[in-house]
Amino acid sequence: MRLDSHHHFWNYSASAYPWISEQMSVLRRNFNAADLQAEIKAVGIEGVVTVQARQSIEETEWLLATAAEHKFIRGVVGWLPLASGTAQAEMERLSHDPLLKSVRHVVQDEADDAFILGEDFNHGVTLLKDYGLVYDILIFARQLANSIRFVDRHPEQEFVLDHIAKPTIAAAKFDDMWAKQFRELAKRPNVTCKFSALVTEVRDSDWTVEMLQPYWDVAVEAFTPARLMFGSDWPVCLLRSPYSAWFTAVEQLASKLSASEKADFWGLTAARAYRIK
């Protein structure tokens, strides 16, 4: 089975999605299950994991309801108020839904790069394992050092690192600091990683597979395909690439993997990380 471990749905409004700027006009519309099903069918993806794009309980509930209506949606990464006193009550209520696999917070947008080390937030994270929930780490590369400290505070918690921690990608210069800290985080066996969203981190006017190759090489070396999974980041990827073009690029990057490594990368790693049967 091939799984897309990372995509989003939304019913667009400017007030609900303020991060979608006027320069992101391609994203300023609704994206729903039928839209995605057409994309994945064209490339042979059989199932997906739906990820939050708005930090609200209402969106988490909506994503779970959407997943219940569509068998190709195999799990949801939602949002819960982890730093709030209501976190445990919401976990108790929503974790009974078997489609809720993980929780994430948009740490990359926090003004304080040390947000991920906050006491209230970390208290909420300590509760997740008791409810069988994973935590997805969404950060920029500059936040890797603090994220390593964060993960080390929770050795029994399962984590998924989104978008290989968003390095700064440019043809003229490799992100060496990202590579060093990324490799260090990968030493933690309770962390798996999504190879996703790279095209939107490219600073050049165009992107090529050759430009992405060094980041693929580091990701495979650091995590191995047994802890690395494919993700599209659709529809955000449309800012730089159609779904099919990103999929084809990753197929080219992964072409030298063995048959068992491909099975891991294209589906089994995501299935293990998110407990998808």
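Author: A crossover is called right-handed if, with the strands pointing away from the viewer, the path from the first strand over the helix to the second runs clockwise. Helices (H or I, at least four residues) and strands (E, at least two) are DSSP runs, numbered from the N terminus. The model is predicted, so local features need pLDDT of at least 70 and side-chain atom pairs pLDDT 80 or more, while totals for chains, interfaces and linings use all residues. Residues count from 1 along each chain as its sequence is written, and side-chain values use heavy atoms, without hydrogens and water.

Reader: Which hand does the unit of β6, helix α6 and β7 have?
Author: Here α6 covers residues 176-186 and stands between the two strands in a β-α-β unit. The strands β6 and β7 pair in the parallel sense over three bridges, where pairing needs at least two bridges found by DSSP. Within that pair, V160 faces T192 of β7. The hand of the unit is right-handed.

Reader: Through which helix does the chain cross from β7 to β8?
Author: β7 and β8 run parallel and are joined by three bridges, with F195 opposite F230 in β8. The crossover between them is of the β-α-β kind and right-handed. The helix that carries the chain across is α7 (residues 209-223).

Reader: What is the order of strands in the open sheet?
Author: The sheet has eight strands with parallel pairing. Its edge strands, each pairing on one side only, are β1 (3-7) and β8 (228-230). From one strand to the next the twist averages 25°, taking axes as lines fitted to C-alpha atoms (for helices over the stretch in contact) and angles from 0 to 180 degrees between N-to-C directions. The order is β1-β2-β3-β4-β5-β6-β7-β8.

Reader: Is β7 largely enclosed or open to the outside?
Author: Let us look at each face: V191, C193 and F195 are buried on one side, and T192 and K194 on the other. Buried means under 20% relative accessible area, exposed over 50%, and partly exposed in between (1.4 Å probe, protein chains only). Since five of its five residues are buried, β7 is largely enclosed.

Reader: Which strands does helix α2 touch?
Author: First, β2 (residues 47-51) and β3 (residues 73-78) run parallel, joined by four bridges, and V51 stands opposite V77 in β3. Helix α2 (residues 57-69) packs on the sheet at about 175° to the direction of β3. With contact meaning heavy atoms within 4.5 Å, the strands touched are β2, β3 and β4 (100-105).

Reader: At roughly what angle do helices α1 and α8 cross?
Author: The contact is made by L36, E39, I40 and V43 of α1 (residues 33-43), together with Y243, S244 and F247 of α8 (residues 243-253). The two axes come within 10 Å. The crossing angle is roughly 35°.

Reader: What relative accessible area does Q157 have?
Author: Q157 sits in the loop between α5 and β6. Leaving aside residues up to four places away in sequence, it touches V125, L128, K129, L133, V134, Y135 and N190. Q157 is buried, and its relative accessible area is 3%.

Reader: What relative accessibility does F174 have?
Author: F174 is in the loop between β6 and α6. Beyond residues up to four places away in sequence, F174 touches A179, P214, Y215 and V218. F174 counts as partly exposed because its relative accessibility is 25%.
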